Structure formats: structure tokens, C-alpha cells
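Let's take a walk through a protein together, starting with the whole and ending with single residues. Please have a look at the picture first.

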Amino acid sequence: MERAVRRLQFEGHPISDASIESDDDIHIFIRFKLTLPNNTPSQRIVSSIESAFDLVWERANSILENSDSVLILGKDTGEGLVRLKIIAFELERLGYYTYIIKDQPDKIGESIIQKVLRFALSSKFVLIENSESSGHLYEIPHVTKMAESVTAVLQEEGKGATWMFEDAYGKHRHWRKFVYTQTTMQAEVKNAVRWAEDFVKQFGQFQKATLPWLT
């Protein structure tokens with residue numbers, strides 16, 4: 001529910017400051033702030049509190065039932081790993097679970113690509129930091145093209161791992177690049193999240209309108 005509050009706050013709902021308290025091993029208390037105008041009528045305050053609770057509860061259930069995780073790919077050594085950690089931190093602040101492949105345990109008998117695909121297919125979308133060359137250049141065709149994962153590419157201005165995928169951004173709607181500077185990474189992470197969430201929502205609406213077994 002704490003993550004649900006963060007997600008709803010990012011989407012513009014007047015709730016914030018989620019916290020968890022526990023008095024023993026049984027009771028857990030989730031608290032959050034609901035902000036309303038100071039001239040709000042008392043009955044409206046009561047109904048708003050009830051609506052806010054229902055909204056948080058429904059979103060928390062949705063997070064449990066549906067994938068709300070993000071796979072982060074890119075150079076995972078030195079400064080590259082620092083960038084991935086920063087991106088993960090920003091995503092977690094927005095209420096997402098994050099996976100950096102290097103931090104996930106390996107399975108005997110599973111190849112690197114199988115491992116990447118396992119996490120990509122269980123994630124809502126994939127975010128790739130593409131400023132420097134690394135193994136992610138081998139992973140991109142499998143994750144973005146073969147698995148058709150919704151993919152946001154972050155790239156520092158004036159840098160880039162390769163030109164080989166540049167025309168793909170114009171060809172594939174589920175793949176988009178976001179360019180950032182040293183001072184705008186946080187903002188571009190948020191822009192990438194908004195785009196990915198909007199794409200998933202619109203594609204779902206398209207499926208419901210087009211596929212007879214989903215109507």
C-alpha cells in the first residue's frame with residue numbers, strides 16, 4: 001500500500017507521505033496524507049477520506065495482481081552501475097519494483113538471455129540506459145524486438161552506445177528514446193514512466209476494442 005500511495009501521488013492524486021507502523025507482529029498500520037482545500041465541507045472531507053482509502057486499496061491489489069516491476073538494463077560496471085542504481089532509486093520512489101540483472105541470482109542451466117527474458121517478461125516495461133556500450137546491445141533485440149517488451153531508452157545528451165537502433169524508434173511504437181543531461185535525469189525518468197504507462201494503457205484499450213475475446 002505504501003507503493004500504491006507513491007504511484008497515485010505521481011499520477012496527480014492529492015495523497016502523499018505514506019508510512020508504515022507496527023506495534024507488534026500482528027498489527028501493521030499504513031498512514032498517508034490526504035490534502036484538501038481548507039474550505040472543504042465536512043461531509044465532503046468524510047467522503048474524500050473513504051474514496052482515498054478505496055483508491056489506495058484498489059491500487060495495492062492491482063500492484064499485487066499485475067506486474068508493476070521494471071527491468072533496468074545498461075552498463076553495470078563502474079559509473080554505469082552507479083547510473084543504473086540512480087535510475088532504480090528514482091523508479092522505487094515512484095512505487096515500482098526494480099530489477100538490475102547483475103543483482104539477481106543466477107540459475108544453473110539458464111543462459112544470460114534466458115535470465116534477461118525471464119525478468120523482462122515479468123516486468124511492466126523495460127528501461128535501458130544506453131549512453132555507453134555494454135552487453136545490453138546484445139540483449140535489446142531479444143527483449144524489445146522478440147519479446148516485444150515496452151521499452152524506454154535513456155541516453156545522455158551527446159553520448160550513445162550505437163546508431164544501429166536509431167531508426168527503430170520511428171518504426172516501433174513500443175520503443176522510445178529519452179535524452180537527458182546531468183541535471184535532468186530524474187525528470188526524464190519520470191517522462192519515460194509516463195510514456196510507458198500511457199502506452200500500456202492505450203494498447204490495452206486497443207486490444208479490448210479489437211479482439212473479440214477481450215470485449
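This is a predicted model: local features need pLDDT of at least 70, side-chain atom pairs count only at pLDDT 80 or more; totals for chains, interfaces and linings use all residues.

Residues are numbered from 1 along each chain as its sequence is written, and side-chain values use heavy atoms, with hydrogens and water left out.

Let's begin with the overall layout. The protein has seven helices and seven strands; here helices (H or I, at least four residues) and strands (E, at least two) are DSSP runs, numbered from the N terminus. Along the sequence they come in the pattern α-β-β-α-β-α-β-α-β-α-β-α-β-α. If you draw a box around the C-alpha atoms along the principal axes, it comes to roughly 60 × 45 × 40 Å. Of the 215 residues, 37% count as buried. Buried means under 20% relative accessible area, exposed over 50%, and partly exposed in between, using a 1.4 Å probe and protein chains only. What about contacts, meaning heavy atoms within 4.5 Å? Among those between residues at least 6 apart in sequence, 63% join residues at least 24 apart.

Now for the inside. In soluble globular proteins, nonpolar side chains tend to be buried together. A nonpolar core is a set of buried Ala, Val, Leu, Ile, Met, Phe, Trp, Tyr and Cys residues joined through side-chain atoms within 4.5 Å. Which members of the largest nonpolar core touch the most other members? Among its 24 residues, they are Ile72, Ile87 and Leu91. Two or more residues each come from strand 3 (69–73), helix 3 (78–93), strand 5 (125–129), strand 6 (151–156), strand 7 (175–180) and helix 7 (185–210). Helix 7 gives the most, with seven residues. Apart from this core lies another, of 17 residues, including Ile113, Phe119, Ala120 and Ile128.

Next, look at two helices side by side. Helix 4 (residues 112–121) and helix 5 (residues 136–146) pack at an angle of about 40°, with their axes 10 Å apart. Axes are lines fitted to C-alpha atoms, for helices over the stretch in contact, and angles run from 0 to 180 degrees between N-to-C directions. That angle makes helix 4 oblique to helix 5, because angles under 35 degrees count as roughly parallel, over 145 as roughly antiparallel, 65 to 115 as roughly perpendicular and the rest as oblique. On the helix 4 side, the contact is made by Ile112, Ile113, Val116, Leu117 and Ala120; helix 5 brings Tyr138, Glu139, His142, Val143 and Met146.

Finally, meet some single residues. Leu71 is found in strand 3. Is Leu71 buried or exposed? Leu71 counts as buried because its relative accessibility is 0%. Leu71 and Leu121 are 50 residues apart in sequence and 9.2 Å apart in space, C-alpha to C-alpha. Not counting residues up to four places away in sequence, Leu71 touches several others, including Tyr99, Val116, Phe119 and Leu127. Arg194, in helix 7, counts as partly exposed because its relative accessibility is 43%. Arg194 and Trp163 are 31 residues apart in sequence and 25 Å apart in space, C-alpha to C-alpha.

Definitions and conventions:
Contact means heavy atoms within 4.5 Å.
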